[in-house]
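Here is a short report on one protein chain. Look at the sequence and the fold first, then read on.

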Amino acid sequence: MSTPKITLYTYFRSSSSARLRIALHHKSLPFTSIPINLLQGEQQSPDNLSRNPSGTVPTLVIEYADKSPVTITQSIAALEYLEEISPSLLPSDPASRAVVRSLCQILASDVQPVTNLKILKRVAPLGMDREAWSRELFEDGFRAYEAIVKGTAGEFSVGDDVTMADVCLVPTVWGAERAGVKVEEYPTISRIVERLEGVEAVQKGHWRTQGDTPEEFRL
């Protein structure tokens, strides 16, 4: 397989985008980041909708010299595709792989969709406190994640290697902290994330270090 050209349409604070940034850095796959400003509504531009009909980020585009390009508009599907072309984030045994995928789905299916900007904009006119809404939903997800990783964690969520679950966990924690969640109340998660913050791929994918991160938020 030829070396692909990889382009990631991203937003610095998007947890779904951060999953892919971290995974790409972890796999040492060079890529070009193109920012899509969610606060300015660029996700709904005709240009972005032509790539991603959902009007969201991220969008991962993989271009090959010898076959048609691949465009993926959902982060978990993109993570799975990257794993197929460059394995490193799933354990070798089926049972552990299932645990990793379950942990990913707690964050990607139960937590992220109901705490993202699109939903927060809809609940605010109903009189909901956006921060309280997000905080409670993050906490629900973390309780489930913590209950599982208490029995599976080594250095990271499942054993001693960084997995797809960790790639999903750390951006979720960043978002939860902004919503006022006390992550230290989940000791296994807190320990895992402390280790992840020292991983080079996580540091490179951090929301505070991106090309579109505003100066006031930069590390």
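## Starting on helix H6

Lys150 counts as exposed, because its relative accessibility is 59%. Lys150 lies in helix H6. Helices (H or I, at least four residues) and strands (E, at least two) are DSSP runs, numbered from the N terminus. The C-alpha atoms of Lys150 and Ala132 are 26 Å apart, and 18 residues separate the two along the chain.

This is a predicted model, in which local features need pLDDT of at least 70, side-chain atom pairs count only at pLDDT 80 or more, and totals for chains, interfaces and linings use all residues. Residues are numbered from 1 along each chain as its sequence is written, and side-chain values use heavy atoms, with hydrogens and water left out.

Ile148 is also found in helix H6. Is Ile148 exposed or partly exposed? Ile148 is partly exposed, because its relative accessible area is 32%. Ile148 touches Val99, Leu103 and Ile106, leaving out residues up to four places away in sequence. Contact here means heavy atoms within 4.5 Å. Ser102 is 46 residues from Ile148 along the chain, with 9.5 Å between their C-alpha atoms.

## Two annotated spans

UniProt, in an unreviewed entry, lists "domain: GST N-terminal" at residues 4-90. The record also gives "domain: GST C-terminal", again from an unreviewed entry, for residues 93-215. UniProt positions are given in the numbering used here, feature names are shortened, and annotations may be inferred rather than shown by experiment.

What is the helix and strand content of residues 4-90? The chain there is 33% helix and 21% strand, and the end C-alpha atoms are 21 Å apart. Residues 93-215 are 67% helix and 0% strand. Their end C-alpha atoms lie 44 Å apart.

## H6 against H7

Two packed helices are described by the angle between their axes and the distance between the axes. Helix H6 covers residues 130-152, and helix H7 covers residues 164-178. Their axes come within 10 Å and cross at roughly 145 degrees. Axes are lines fitted to C-alpha atoms, for helices over the stretch in contact, and angles run from 0 to 180 degrees between N-to-C directions.

H6 passes H7 in a left-handed crossing. That means the near helix is turned anticlockwise from the far one by less than a right angle; clockwise would be right-handed. On the H6 side, Glu131, Phe138, Phe142 and Tyr145 take part. Their partners in H7 include Leu169, Val173 and Ala176. The contact has seven nonpolar, two polar and three charged residues. Ala, Val, Leu, Ile, Met, Phe, Trp, Tyr, Cys and Pro count as nonpolar, Asp, Glu, Lys and Arg as charged, and the others, Gly among them, as polar.

## Aromatic pairs

How many aromatic pairs does the structure hold? There are six. Rings of Phe, Tyr and Trp (its six-membered ring) pair if their centres lie within 6.5 Å; planes under 30 degrees apart count as stacked, over 60 as edge-to-face and the rest as tilted.

Phe142 and Tyr186 form an edge-to-face pair, because their ring planes are at 70 degrees, with centres 5.7 Å apart. The pair links distant parts of the chain, 44 residues apart. Phe142 is in helix H6, and Tyr186 is in the loop between H7 and helix H8 (187-196). Phe142 is buried at 0% relative accessible area, and Tyr186 is buried at 7%.

Trp207 and Phe217 make a tilted pair, because their planes are at 55 degrees, with ring centres 5.8 Å apart. Trp207 is buried at 7% relative accessibility, whereas Phe217 is partly exposed at 24%. Ring pairs link Tyr11, Phe12, Trp207 and Phe217 into a cluster.

Thr10 is found in strand S1 (residues 5-10). Thr10 counts as buried, because its relative accessibility is 3%. Beyond its neighbours within four places in sequence, Thr10 is in contact with residues including Ser17, Arg21, Val57 and Asp212.

Most residues other than glycine have a negative phi, and most peptide bonds are trans. A cis peptide bond joins Val57 and Pro58, with omega about 0 degrees. Ser28 is not a glycine, yet has a positive phi of about 55 degrees. Ser28 counts as exposed, at 61% relative accessibility.

Definitions and conventions:
Buried < 20%, exposed > 50% of the residue type's maximum accessible area, 1.4 Å probe, protein only.
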